[in-house]
Amino acid sequence: MSRLIVISNRVSAATGGAAGAQGGLSVALTSALRESGGLWFGWSGEVTDEFTGQISFNREDGVTTATVDLEEQDVEEYYNGYANRTLWPLFHYRVDLAEYERGFAEGYQRANERFAETVVPLIEPDDMVWVQDYHMIPLGQELRKRGCRNRIGFFLHTPWPPRRLLLTLPEATELVATLFAYDVIGFHTDEWLQSFVDFVVLESGGDYADGILRLEGRQIRLITCPIGIDSDEFATLAQGDQAQQIFREMRESANGRAMIVGVDRLDYSKGLEERFLGYERFLIENPKERKEVFLLQIAPPSRGTVESYQRIRSTLEGLSGRINGAHADLGWVPIRYVNQGYPRAVLAGVYRAARIALVTPIRDGMNLVAKEFVAAQDPDDPGVLILSRFAGAAQQLGEALLINPYSAEEMSDAIRTALAMPKDERIRRWRAMFDVICEQDVLWWRRRFTDALEQHEPA
């Protein structure tokens, strides 16, 4: 088997005890690289006065990483700018929050050129290169310019926006054209794949048939390939000593009440404001049941230097305070709102102790919290997953209670339904979802993509 070179914006090999807001991509890629070997390359997260391309190597928990520092201007224009203030809101359908600055686009291109220049010497002739996510769309083209003839794949972990929304990006056509340097491109869902096809066919004059998209003499294979988790590992983690201790502490803290849990990065795409309002609707509409539940919302802050993220933190703090002030009494607080991350083992115990999980993003490429919640459950007494139909995970987890997160009434109804759901129905729904996440786990995801990349014959 070819060696796998994974390239992503941040390199953060995940360990079971790692604290903080550990992203799903980090956990998934660590599992994939442990099985396949190879190298994980990307930005170190550190800043240097002058970019030199000096690489720092590290090997931890079975994964070899190679990282490079960036200049302050690169971080501001490439990461804080184009990636997080232009592409992220646009790809999550928030055109109202997207900022289109020429300097951001120039910094994005410059950073990708620097990544390519630095990683090319590490790539051996038989390696397969797998580029991850929207931070590095033009990287494949930059690698080709530097003589890289390897098979190169790209996987998008976010949604791909509809054609009309993407056209608000001034350089949309040029950016999309750079993707034709890849051999295979993967998306979480058919919807995101079809949105990409629509843009290329209708705006650029491309042709699509039998999974192959052609444009101006180049062709790429498109696949739907929903990312998974290491479901066996997470289920085992939920039964470990630390998780079981947290489980007991949470059950004792609940004092006989049903715990509803939400775990999300502090991000406007996660629908946290809508979630709080939907939960408040439940409190208002169900006066008898309301004191029998509480919501634990864990929301580690992220991208704190971006103004839109500062605003959402302020909004949620005010909203949770208002709801608690309006509905709490001496012995009960409806929302426990926590702004910090926790190790995976702690979260596994929290998930197992919860009667309901609210995973209600207004737009999400996948959302691995939904899958981790399912994996952590007690098979004899599982909790209920309430899931946004706008998360990529909804395409696989059809036995969840699927809702429109914009509708406070739907969320309130789903909470009431989940609390009243008989145990045999909870077990049936959980078993169907657990079977899916075990069959289509992170290794399945990796094999599905890399098999397609190995089998693809470049044009």
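Ser269 is buried in this predicted model, because its relative accessible area is 2%, under the 20% limit for a buried residue. The residue is found in the loop between strand E11 (258-263) and helix H10 (272-285). When residues up to four places away in sequence are not counted, Ser269 touches Trp88, His92, Pro361, Ile362 and Arg363.

A pair of aromatic rings is described by the distance of the centres and the angle of the planes. The count of aromatic pairs in the model comes to 19. In one of them, the rings of Phe91 and Trp160 have centres 5.2 Å apart and planes at 50 degrees, so the pair is tilted. This pair links distant parts of the chain, for Phe91 and Trp160 are 69 residues apart. Phe91 lies in helix H2 (residues 72-91), while Trp160 lies in the loop between strand E6 (151-155) and helix H5 (163-166). Phe91 is buried at a relative accessible area of 1%, and Trp160 is buried at 2%. Elsewhere, ring pairs join Phe41, Tyr78, Tyr82, Tyr108 and Phe115 into a cluster.

With a relative accessibility of 43%, Gly321 counts as partly exposed, because the value falls between the limits of 20% and 50%. From Gly140, Gly321 is separated by 181 residues in sequence and by 47 Å in space, C-alpha to C-alpha.

The accessibility values are collected below.

| Residue | Relative accessible area | Class |
|---|---|---|
| Ser269 | 2% | buried |
| Phe91 | 1% | buried |
| Trp160 | 2% | buried |
| Gly321 | 43% | partly exposed |

Helix H8 (residues 231-238) packs against helix H13 (residues 368-376) at an angle of about 55 degrees, and their axes are 8 Å apart. The crossing in which H8 passes H13 is right-handed. On the side of H8, the contact is formed by Ser231, Phe234, Ala235 and Ala238, which meet Glu372, Ala375 and Ala376 in H13. By type, the residues of this contact divide into five nonpolar, one polar and one charged.

Technical notes:
Residues are numbered from 1 along each chain as its sequence is written. This is a predicted model: local features need pLDDT of at least 70, side-chain atom pairs count only at pLDDT 80 or more; totals for chains, interfaces and linings use all residues. Side-chain values use heavy atoms; hydrogens and water are left out. Buried means under 20% relative accessible area, exposed over 50%, partly exposed in between (1.4 Å probe, protein chains only). Axes are lines fitted to C-alpha atoms, for helices over the stretch in contact, and angles run from 0 to 180 degrees between N-to-C directions. Helices (H or I, at least four residues) and strands (E, at least two) are DSSP runs, numbered from the N terminus. A crossing is left-handed if the near helix is turned anticlockwise from the far one by less than a right angle, and right-handed if clockwise. Contact means heavy atoms within 4.5 Å. Ala, Val, Leu, Ile, Met, Phe, Trp, Tyr, Cys and Pro count as nonpolar, Asp, Glu, Lys and Arg as charged, and the others, Gly among them, as polar. Rings of Phe, Tyr and Trp (its six-membered ring) pair if their centres lie within 6.5 Å; planes under 30 degrees apart count as stacked, over 60 as edge-to-face and the rest as tilted.
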